Every structure is written in C-alpha cells, then in structure tokens.
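Hi everyone, thanks for coming. Let me put the structure up on the screen, and then we can walk through it together.

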Amino acid sequence: MGSRGSDATEIGYLIKQAQAVLNARMGEALRPLDLTVPQYACLEQLRRQPGITSSELARRAFVTRQSMNVVLHGLAERGLVTRSEQPGPRKQIFAELTDAAGDLVDRANERVARVTTRMTQPLDEAGRAALISALATCRDALGTPLGDGRAEEKTDD
C-alpha cells in the first residue's frame with residue numbers, strides 16, 4: 001500500500017476529526033440560543049430556500065428524514081417554522097421560517113461564524129481560499145456513488 005495509502009487514510013481521518021470538533025464547537029456556540037446543530041442547519045437552509053421539503057432539509061442537515069421531522073416539530077412548537085397543511089406533490093410537506101425566526105437565525109449565524117473564523121484563523125487569506133477550493137473539489141469528486149458501494153480499485157495497467 002505504501003505511503004500513498006496511508007496519506008489517503010490520514011486525509012479521511014483528519015476531515016472526520018475536523019468535522020467532529022467543528023460540530024461540537026458549533027453545538028457549544030448555539031446552546032445559549034437553545035438550538036442544536038441540526039436545528040440551526042434546518043433554520044439556515046429554510047432561510048436560503050423557503051418552502052424546501054423536509055426530505056431535502058434532512059439531506060442538507062445530515063440527518064434522517066425521521067430525525068428532521070422531529071426537528072421540524074420542535075421548531076414549529078417554538079413558533080420558528082410553519083409546515084404546510086396540505087401535502088404537495090408526492091405527499092411532501094413543505095416548511096417555511098416564521099418572522100420570529102429571523103433574529104434567532106441572525107444571532108446563530110454570528111455565533112457559527114465566530115467558530116469557523118476561529119477554525120481558519122491560523123490560515124492566511126490564500127490558505128483559506130485554497131482550503132475552500134480543496135474541500136469543494138474533494139466533495140465533488142465523491143458526488144456520484146461508486147455503484148456497488150466498494151471503494152474504487154485502481155490497477156497499474
């Protein structure tokens with residue numbers, strides 16, 4: 001396997017470790033607002049795309065559809081989102097932010113921005129731009145399924 005295999009493994013571990021720490025710090029920053037990271041992700045996505053389906057919200061917040069339904073129910077009880085009374089095409093339920101959610105999302109965004117700024121502070125502007133580009137490239141490279149669920153195997157032909 002050599003160093004190339006161990007470098008590839010190390011990259012995967014570093015990305016997962018960074019994601020786990022980022023998620024923990026975001027959770028700490030959002031706790032005083034009585035928000036969890038999935039709730040914040042839901043509210044932020046609803047701001048970006050009003051009327052988005054709960055299935056798409058779940059994908060964007062990295063939770064299951066069942067978990068997103070729980071998140072949406074809790075946010076609706078707090079008066080932060082409304083859900084459509086009538087299902088749309090394919091029995092989808094749509095959600096939208098209420099006016100009351102606007103200020104909360106602004107405050108949450110400020111807190112999350114402080115966390116991500118702290119995370120990238122050791123990098124200069126060029127380093128931050130390179131990080132964004134590299135992560136987007138990696139995401140895009142994995143954007144399509146491999147087909148059988150196994151890692152692609154390369155041979156030296």
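So, how many disulfides does a search of the whole structure find? The answer is zero. Please keep in mind as we go that this is a predicted model.

Let's look at two of the cysteines. Cysteine 42 counts as buried, because its relative accessibility is 0% and the cut-off for buried is under 20%. Cysteine 138 has a relative accessible area of 40%, which is between 20% and 50%, so it is called partly exposed.

Now for the overall layout. The protein has six helices and two strands. If you read along the sequence, the order is α-α-α-α-β-β-α-α.

The accessible surface of the protein is about 11,400 Å², and carbon and sulfur atoms account for 54% of that. Of the 157 residues, 25% count as buried.

One residue I'd like you to find on the screen is glutamine 39. You'll see it in helix H2, which covers residues 37-48. Is glutamine 39 buried or exposed? It is buried: its relative accessible area is 14%, and the cut-off is under 20%. And which residues does glutamine 39 contact, once we leave aside its neighbours within four places in sequence? Those are Asp34, Val71, Leu75 and Arg78.

Note on methods: Residues numbered from 1 in each chain as written. Predicted model: local features only at pLDDT ≥ 70, side-chain atom pairs only at ≥ 80, totals over all residues. Heavy atoms only, no water. Helix = DSSP H or I, 4+ residues; strand = E, 2+ residues; numbered from the N terminus. Buried < 20%, exposed > 50% of the residue type's maximum accessible area, 1.4 Å probe, protein only. Areas by Shrake-Rupley, 256 points an atom, 1.4 Å probe, with all protein chains shown as cover. Disulfide = S-S within 2.5 Å. Contact = heavy atoms within 4.5 Å.
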